[in-house]
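Please open the structure in a viewer and have the selection tool ready. Each stop below names what to select and then states what is found there.

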Amino acid sequence: MRGGTLPAALIFAALGFALSFAPPRVRAPALLVSAVAAIVLARVAIDVSRAEYVYFACWASVIVAAASVHLPGGLPQRAAVALSLACGGAAGAVVGLAGNLPELATAAAAALVIIPASWLVASGRGIAIKVVSSWLIAIAMLAAALPLTPTPGYAPDHME
């Protein structure tokens with residue numbers, strides 16, 4: 001989970017799920033905001049020593065975006081734009097850290113999940129989106145916790 005494409009794609013997918021519960025007039029501008037933020041942050045040179053912070057922001061963005069599907073009434077307009085800005089920035093930072101800007105287009109395609117998700121929400125089957133979002137939360141929490149747990153073989157121990 002330390003590449004550029006997969007973490008960024010998970011961010012965009014979580015954002016797509018979150019925006020499917022937002023008002024329809026907000027969805028396209030919010031996706032545009034996230035794309036612009038991602039492009040800007042992907043072009044910023046990020047020090048490799050800050051990688052843990054970048055990945056923490058990535059997983060926090062996935063968790064917040066995926067959890068927002070559970071808000072009663074969906075995302076308000078300002079919250080949708082703010083969430084899009086944060087998610088786009090985190091996705092851009094992850095891709096920028098990996099150093100491969102074309103991966104950003106591949107990752108951003110995951111936001112197209114908004115099309116079937118919006119249909120499911122409009123037809124009263126939004127529970128499916130909430131279930132998938134809960135899985136995204138679990139994946140992000142595990143990915144965020146993995147660097148915090150000591151794993152034998154990754155650090156010198158007393159036997160060496």
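This is a predicted model: local features need pLDDT of at least 70, side-chain atom pairs count only at pLDDT 80 or more; totals for chains, interfaces and linings use all residues.

**The nonpolar core.** Begin by selecting Phe 12, Leu 19, Trp 59 and Val 62, the residues with the most contacts inside the largest nonpolar core, which has 48 residues. Next, colour the helices that each give two or more residues to this core: H1 (5–19), H2 (24–43), H3 (51–67), H4 (77–98), H5 (103–108), H6 (114–122) and H7 (127–145). The largest contribution, eleven residues, comes from H1.

Now centre the view on Val 62. Apart from neighbours within four places in sequence, Val 62 is in contact with Leu 10, Ile 11, Ala 14, Leu 136 and Ala 140.

**Helix H2.** Select H2, whose 20 residues reach 30 Å from the first C-alpha to the last, close to the expected 28 Å. Within H2, highlight the buried residues Val 26, Arg 27, Ala 30, Ser 34, Ala 37, Ala 38 and Ala 42. These residues lie on the same side of H2, because they cover an arc of only 125° around the axis. Then turn to the face directed away from the buried side, where the exposed residues Arg 25, Ala 28, Leu 32 and Arg 43 are carried.

**The cysteines.** How many disulfides does the count give? The count is zero. Select Cys 58: its nearest cysteine sulfur, that of Cys 87, is 9.4 Å away, whereas a disulfide requires sulfur atoms within 2.5 Å. Cys 58 is buried, at 0% relative accessibility. Finally, select Cys 87, which is likewise in no disulfide and is buried with a relative accessible area of 0%.

Conventions: Residues are numbered from 1 along each chain as its sequence is written. Side-chain values use heavy atoms; hydrogens and water are left out. A nonpolar core is a set of buried Ala, Val, Leu, Ile, Met, Phe, Trp, Tyr and Cys residues joined through side-chain atoms within 4.5 Å. Buried means under 20% relative accessible area, exposed over 50%, partly exposed in between (1.4 Å probe, protein chains only). Helices (H or I, at least four residues) and strands (E, at least two) are DSSP runs, numbered from the N terminus. Contact means heavy atoms within 4.5 Å. The expected span of a helix is 1.5 Å times one less than its number of residues. The arc is that of the directions from the helix axis to the C-beta atoms.
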